[in-house]
Amino acid sequence: MRWIPFIILIYVAVLVQVAVGALPVQFSLTGNIAPDITAIVAVFIALSVRDPRDAMIAAWSLGFAMDLMLCGMGGAVTAVGPMAIAYTLAAGVIYRVREAFFRERAHARALLTLVFCLIVHSLWVTMQTFLGFAWSAWGSAIMKAIGISIYTAIIAPLVCMGLQRCSGWFIAVYARRLRRR
Amino acid sequence: MRFGFRLSKKTVLVGMLVVAAITSLLGVMVSDHLRMPSACALAPVSNYVKASTSAFKSAMVDRETPAMSASEAARLRREVDQWRSKADECNRRGLYWWKRCRAIQHTRSAYRPSLDTCELIPARVILGEALPYGQSQTVTKGTIHGVKKGMRVIDVLTDRSKALPADDRMRAITDHAPFAGKPITGSVLIGWVEAAGSFTARVRLVTDKRFKIDAWLQRKIDPAKPRKVTTTTPEGLADVFLTHDDVYDTKGKENITTTLSGDGERGLITNSISRDYNILAGDWLWTLGQSAKLPVQLRIGEVVSVALSDENPNFVIAKVAPSAELGTLRDIFIVRSLVSQLPPSKGGK
C-alpha cells in the first residue's frame, strides 16, 4: 500500500460519504438509507492488495474515519471504535473468501460488498446497542443496516470501476490469482 | 532517523484494534473529544460539500402549488382584504399596548436587567451525519464563541425575515408571541447543542429520538368548517363548536400542552393529547416559552396526521412535520438566553 495517497483517499471518501449521507432515500420498511461509500473502498482494497494485513489496516483506518462521522444511533451518542473493529474483521473475511470469486466481475463485487456491509453494519449496530443501552432501537437499526447494505451493494460495481482507474495511486503491489495445481 | 525497534504490520494492526477497543469502552467520554477536531479538519472542504447538497436538495423539493379557479381567487382576495382591515385595527390597538409595555419595561429595566431578551449566535452548518442512523449536524461555532451544551438552536424560515436589518431580525426572532400581533417571524426551533468543542459544535435535530420538549398546540380552523371539541363548562363537559375567530378569543385559547419527541426519521410525534381536543392535521405546535434556555415562543412544526392510540383510545397519536427544512439547513442561530445570567436574588423586598 502507498499510505500517504491512501490517507488522501480516506479524506476524499469521507467527504463523498458525508455528501451522499445528506441525500438519503426513504422507504417505509427501513426509514432513511444512504450508501456506505467507504465500505466499497474497503472491499475494493481487500480484493486488490496482496498482504491481508494491508487490507485490514486500511479497513481499520476507513472504519475509524466513519466512526468519527457517525454521531448517533437510536437517540444515543455513539462510541468511537466499533466501526473500526467491524471493518477490520469484515475485511479479513473478504480477504479469505475472495479466491472463491472472479473478483473483477461486477456481480462478485456487489455480492462481496453486500456481505461486507451486512457484517459491518449488523456488528456496529449491535455493539452500539450494548454500549449505549439503546435496546429499543436495535430492531429498526438492523432494518436500516440491511437497507444500507443492499443500497451499497447495488452501487458498488460503479464505484469500483472508478476506483480501478486510480488504484495505482494507492496500491503498490496487486494481488495475483492463485494458480490451480 | 532510526528507532531501536521495528514495528511489524501485525503489531500495528493489533495496536490499532486495542485502541479501537479502548475508545469503544470509554464511549462518550472520548468520542466528542475525537469528533470535534476531525470536524475541524474536514470543515474547509465539507462547507462546500454541504452547500452543494443543500442546494441540490432545495432544488429537488417539490414546491408545486395546486391550481386555483377565478372565483376561488376572488373569494380569497375578498378574505385577504377583510383580514387586512382587521389587522390594521389590531395593529392600532397593538401600538397603544406596545407603548404602554415599553413604558413599563423602561421602568423595570431601570431597576434590574431585562428578562425578555436572547442573544443569537449565528452559525453555519458544515457537516451532517455520514449515514442516516442519527440526526445531527455540525456547525462552525464553538465554546470560544460562547456556545455551550444544551443551548437551543433556531432557524429563520422566511427569506423576508432573513432580509431584515440585523437589529430588526433579532427583535423579530426573540420578541415574537403568536397572539401578540407581531408582523413577521418565521423563526422555528430546529434542535439543541449536544456537544461543543472549541471551534465547532454538534446540533441534535428535533427529529432525533432523544429530542423531547414541552409544547402547546394552536388550532388552525378553516373559516368554512367550525370544529367540534369537548370542553369543560360550568355545567360540566360539553361539546362546543369553535370557529375561526374563536382561535383568537379566550374560548379558543385552551392551554393544550403536550410533550413532543423526535421519531428518529423526518418528524416528531406526540401521544399525550386527549381525543376530546379534536386536534387535526394543520394545527401548529409551539414552544412554551417558559424555559430558561428558550424564553420565547417559537414554532416547532405542524400536525400532519392524527390517529387514535392503540394503548389508550382516549388519547391520539399525532405526527408532526418540523417547520424547518432540516435537510437543507445552512445558516442557523444558537440562542444564548440571558435569563440564566441573572444575578442570584439577595432576598427581601
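A residue counts as buried here if 20 or more other C-beta atoms lie within 10 Å of its own, with C-beta atoms placed from the backbone. The views below come from a predicted model.

**View 1. Strand β4 of chain B is largely enclosed by the rest of the structure.** The strand covers residues 187-196. Of its 10 residues, 10 are buried, which is why β4(B) counts as largely enclosed. Strand β3 of chain B, residues 152-156, runs antiparallel to β4(B). The two are joined by 5 bridges. Look for Ile154(B): the residue opposite it in β4(B) is Leu189(B).

**View 2. Strands β4 and β5 of chain B form a hairpin.** Between the two strands lie 4 residues. Strand β5(B) spans residues 201-205 and runs antiparallel to β4(B). Here too, 5 bridges make the join. One pair to find is Ala196(B) with its bridge partner in β5(B), Ala201(B).

**View 3. Chain A is built from 6 helices and 4 strands.** Follow the sequence and the pattern reads α-β-β-α-α-β-β-α-α-α. The radius of gyration of chain A is 16 Å, close to the 16 Å that the globule rule gives for 181 residues, so chain A is as compact as a globular protein of that length. Its C-alpha trace spans about 50 × 30 × 30 Å along the principal axes. Of the 181 residues in chain A, 57% are buried. Take the contacts in chain A with a separation of 6 or more: 74% of them link residues 24 or more positions apart.

**View 4. Helix α1 of chain A packs against parts of both chains.** This helix runs through residues 3-21. Its 19 residues should span 27 Å at 1.5 Å a residue; the end C-alpha atoms are 26 Å apart, so the two values agree. Among the buried residues of α1(A) are Phe6(A), Leu9(A), Val14(A) and Val18(A). Gln17(A) and Gly21(A) are buried as well. Within chain A, the buried residues of the helix pack against α2 (37-48) and α3 (52-69). From chain B, α2 and β1 join the packing.

**View 5. Helix α2 of chain A is largely enclosed by the rest of the structure.** What covers them? From first C-alpha to last, α2(A) reaches 17 Å, close to the 16 Å expected at 1.5 Å a residue.

**View 6. Chain B meets chain A.** On this side, 41 residues of chain B are in contact with 43 residues of chain A. Three elements of chain B give two or more residues each: α1 (9-26), α2 (28-60) and β1 (118-128). Which of them gives the most? It is α2(B), with 13 residues. By type, the residues on this side of chain B divide into 18 nonpolar, 13 polar and 10 charged.

**View 7. Chain B holds 5 helices and 14 strands.** Buried residues make up 30% of its 349 residues. Among contacts in chain B with a separation of 6 or more, 68% join residues 24 or more positions apart.

How values were computed
Residues numbered from 1 in each chain as written. Chains lettered and ligands numbered in written order. Predicted model: local features only at pLDDT ≥ 70, side-chain atom pairs only at ≥ 80, totals over all residues. Contact = placed C-beta atoms within 7 Å. Nonpolar A, V, L, I, M, F, W, Y, C, P; charged D, E, K, R; others polar. Rg over C-alpha atoms; globule rule 2.2 N^0.38 Å. Buried ≥ 20, exposed ≤ 12 C-beta atoms within 10 Å, placed from the backbone. Pairing = 2+ DSSP bridges. Expected span 1.5 Å × (residues − 1).
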